[in-house]
Amino acid sequence: MRSKSKKLDTLLAHAGRSPETNFGIVNPPVYHASTVLHPTVAALEAAQRNRYNQVTYGRHGTPTQFALEEAVAAVEGGARAIAFCSGAASCFAAILAFVKAGDHVLVTDSVYGPVRAFCTGFLERFGVATTFYDPQIGEGIAALIQPNTRLVYLESPGSLTFEVQDVPAIVAAAKARGVRTVIDNTWAAPVYFKPLALGVDVEVISGTKYIVGHSDAMVGLAVCTAESFLPVRTAATQLGNHAAPDDCYLALRGLRSAGVRLKQHQAQGLALARWLAARPEVARVLHPALPGDPGHALWRRDFTGASGLFAIALRPGTPEAGIAAMLDGMELFGMGASWGGFESLILPVHPERLRTAVPWREGPVLRLHAGLEDIDDLVADLERGFARIKAG
Ligand SMILES: Cc1ncc(COP(=O)(O)O)c(C=O)c1O
């Protein structure tokens, strides 16, 4: 059962499995490997020629990794997927696959902070220039494309500020000039947005988030078209990437329940967002599924749902000590950066320290991840937190 014509929930349950090759056991086993033996010189040479399609060496992938890659490629509608040791590694390799010294890349101003640091640090040192663009630029991206622009790197919605980008308009402008597009789809994957269907060349996902879903393993994925696979796979190999077999196993196991988990994260996130929108301490809720959100129309057009990650801008002038008192005393909401697990999180974030294309003027901003706890308990935790702002 590996036909790509099946519906999403069916693919989430079945893709990448082959019990018939594994004693009938439902889940693929964990293979630990470094050395792989080849019986003859001819077999060794054939394996080396075919190293992205068969087991040849531990670092190039085990059957556990290949099962995860096959499953995610089917779920996301890609030709092939590549598993990485982390989401960040998949972002960096997808960029490096397409650039060389003297080139230029366009990167959304709302990009995940470590990718911004990679561009202004690593890429800059190797002679690749970056221009950060307004995430709401849409077809206006055409005006920023230079003769040496090789790549547009999108993230939609941005994972701190949640602007939704006009992906088809940006892809059309890029394609018209022969420029590749890479998108970080971690917020919606593996359920609510399918960017390859809109013409994006590579989709990167921090599988650490909703695919693993239990805050206990790190995996990245790059989902590729037939044309973009080899450059990204080659970059992964040349960077020495290796996806740990136990983590690939946990990602595969998480994938099976991602559909039902995300429905619940969506419902919990919307319930919290609506409750927060009515609070006097909150100036704005940054959540594209709310009708008043600036990205709502694009979200409705392109997405089939929302995950559990969103933010609030508190009223300007909210005292820092009050915010610290709120956050330090939370009972259920943990203060941690990596989201997508079963638990709720709240985190102070600082887009104003990162932005360069369009200054960020709202806030203080708190980012929330709606976990799977009882919604009344979560609301009560936030309510007590707001009371501490006043007292603090
Ligand atoms: C949007 C986004 N992309 C990429 C990453 C990097 O993923 P990882 O932590 O698996 O390296 C993160 C992690 O927080 C993220 O939020």
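Which residues does R355 touch, not counting residues up to four places away in sequence? Hi everyone, let's start there: R355 touches D109, S110, R116, P135, T161, E163 and W360, where contact means heavy atoms within 4.5 Å.

A word on the source. This is a predicted model, where local features need pLDDT of at least 70 and side-chain atom pairs count only at pLDDT 80 or more, while totals for chains, interfaces and linings use all residues. Residues are numbered from 1 along each chain as its sequence is written, and side-chain values use heavy atoms, with hydrogens and water left out.

Back to R355. You'll find R355 in the loop between helix 11 (351-354) and strand 11 (365-369); helices (H or I, at least four residues) and strands (E, at least two) are DSSP runs, numbered from the N terminus. R355 is buried, with a relative accessible area of 12%, because buried means under 20% relative accessible area, exposed over 50% and partly exposed in between (1.4 Å probe, protein chains only). The side chain of R355 also reaches the backbone oxygen of D109 at 3.1 Å.

One of those partners, R116, takes us to helix 5, where V115, R116, F118, C119 and L123 are buried. Covering the buried residues of helix 5 are, among others, helix 4 (87-96), strand 2 (104-108), strand 3 (129-133), strand 4 (149-155) and helix 11. After helix 5 comes G127, with a positive phi near 85°.

Finally, for L276, leaving aside neighbours within four places in sequence, the contacts are V282, V285, F310, I312, L368, L382 and F386. Thanks, everyone!

Notes: A polar contact is a pair of N or O atoms within 3.5 Å; within protein, one must be able to donate a hydrogen and the other to accept it, and residues adjacent in sequence count only if both atoms are side-chain atoms.
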